[in-house]
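Below are some notes for a colleague who is looking at this structure for the first time.

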Amino acid sequence: MIYEQIFHMVNVGIVILDVDLKVVKWNKWMEIHSNISCDIIAGKSIFDFYPNLDTKWFNRSCKSVFSFGNTAFLTHKLYKTIFPFKPVSSFVTIFDNMCQDCIVGPLRNEDKTIEYLYLMVSDVTKMASYEKKLLDMGSKDGLTNIYNRKYFETKLEEEIERSNRYKNKFSLIIFDIDFFKKVNDKYGHLAGDYILKTFAKIVSKLLRSSDIFARYGGEEFCCILPETPNELAVIIAERIRKEIEKTLFEYKKDTKIRITVSQGVSTINKNITTKTDIINLADKALYKAKSRGRNQVVTAQTYL
Amino acid sequence: MNTDKNEIFTQDQKDVLQEIMNIAFGNATAELSEIIDIYVVLSVPDIKTINSENLDLYVNNLIDLKKNTKIIEQKFFGEYNGAGLLIFPDINNDEIVTLLDYSDTDSIDYLEQVPVNEILIEIGNILIGACIGKITDLLDTYVTYSPPDIFSSDTSNKFCFSCNTDKDKTGLVMKTTFTFNGKNIEGLLLLLASNDSFDWLKKALDKFMESYL
């Protein structure tokens, strides 16, 4: 009798399923968050109510529990939606659904055979939001909210490793805003910050979601373009150059600033084995772009 | 390593354990391929007793720690208790995502990067659970499991399997190598039985032996 009360009072969802994955028990927590009462769902397949669970991973987990008697740990990091419930807290607003960790384990008879399995569902939305915050802090630049140098360098190493193994091409662009020091001197550092933030926003929009755009330091930015040959990288760089050239940066109503950007492009080839190699190559091209009068794209390929 | 403790198990008991492991691993790999679409090949296990103090040294000697080394650890509790260690000496992210079918998940991913550690934890959970599950079936018992944890040499500094156990205790190590069919991925699976369960294990092995006499 007391056990029955605990079953309904604990702050986790408990579901008991039979071998056909029909619901046997559905505790109060599940009733509250699903708006489905135990009377309605009992005896019916869990998939009738949650077709999103009829997947390879969920079936795989249940089958392994029935055959091996092990416990499956389904984490929110791998499985974004288990039971699509609304988040409970009014203060965590970055997720549309409650983040859940779910444990699936066996329930045994007296003779040790497994006749049922249990699902234990915990709300980990708050923890997931902290995780996301921590990850962002470690990988994003505080001012521009694009990736930081550390993340960029890790990704660049991975990309070089991948390219060594599978021989796929990727390109790198290094950007340097022309005469940025003059902006700071003339309009102040807050205006400079505004330029950096807006520049990052404009460039991000012109890139693809697979590109990794980062602030390298000061007014220098860089971008990894996976699966991109040199010619295509130059086209993308030129598109960015034109967009920046024609943009009027409106810091304040009466402070409108124009800037231009110089870019160096390099593409992986058989002589490049480290991240320093490919950065140096793009850097040299960037230097050429500066010395040839700025506001232009130079690719390492043209002078090699 | 500590050969003087070898008499904990009689030769007969060791032979039975070897046989049980062979049957259990055979059953585990068969069911993994039938039910979960994981095609794994496990080698004939090697069994030895090791003092817990020497366990880290033993693991260190087995593998050459690289940037891509990953170790998944899962503890299990019951009459039979200990830990499973699944060791990938050198695996890269592109290989990891091919291990299990994630085609119908919606989740790779809000973290904007593939959660490789989570995938390995799931693999570890399945492989360790399958092997331990089949061994415990044969020994007529069952265990419960802790959530698996992962050691990744690019983020953790060191591992210490002996840190949380008494230094003078002996463990039983069952070592096997595994490969995934059609994939260039191999590793080591260590199943450690702690000496709390030795008395029970010896009885269970004798009982298993009797049933075949």
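**Notes on the model**

1. In chain A, β7(A) and β8(A) form a hairpin with two residues between them, and G218(A) in the turn has a positive phi of about 50 degrees. Helices (H or I, at least four residues) and strands (E, at least two) are DSSP runs, numbered from the N terminus. This is a predicted model, in which local features need pLDDT of at least 70 and side-chain atom pairs count only at pLDDT 80 or more, while totals for chains, interfaces and linings use all residues. Residues are numbered from 1 along each chain as its sequence is written, chains are lettered from A and ligands numbered from 1 in the order in which they are written, and side-chain values use heavy atoms, with hydrogens and water left out.

2. Strand β7 (residues 212–217) of chain A pairs with β8(A) in the antiparallel sense over five bridges, where two strands pair if DSSP finds at least two bridges between them. Within this pairing, G217(A) has E220(A) in β8(A) as its bridge partner.

3. Strand β6 (residues 170–177) of chain A also pairs with β8(A), in the antiparallel sense and over seven bridges, and here L172(A) stands opposite I224(A). Of the seven residues of β8(A) (residues 220–226), six are buried, with buried meaning under 20% relative accessible area, exposed over 50%, and partly exposed in between (1.4 Å probe, protein chains only).

4. Between them, chain A and chain B bury about 3,400 Å², 51% of it on carbon and sulfur atoms; buried area is the accessible area (1.4 Å probe) that two parts lose on being put together, summed over both. In chain A, the residues that lose the most area to chain B are R60(A), F68(A) and L78(A), together 23% of what that side buries. The contact (heavy atoms within 4.5 Å) takes 38 residues from chain A and 42 residues from chain B.

5. Three salt bridges are counted between chain A and chain B, each a side-chain nitrogen of Lys or Arg within 4 Å of a carboxyl oxygen of Asp or Glu. R60(A) forms a salt bridge with E122(B), and the closest N and O atoms are 3.7 Å apart.

6. Leaving aside its neighbours within four places in sequence, S163(A) is in contact with N168(A), F170(A) and I268(A), and its side chain reaches the backbone oxygen of N168(A) at 3.2 Å.

How values were computed:
Polar contact = N/O pair within 3.5 Å; in protein donor to acceptor, adjacent residues only side chain to side chain.
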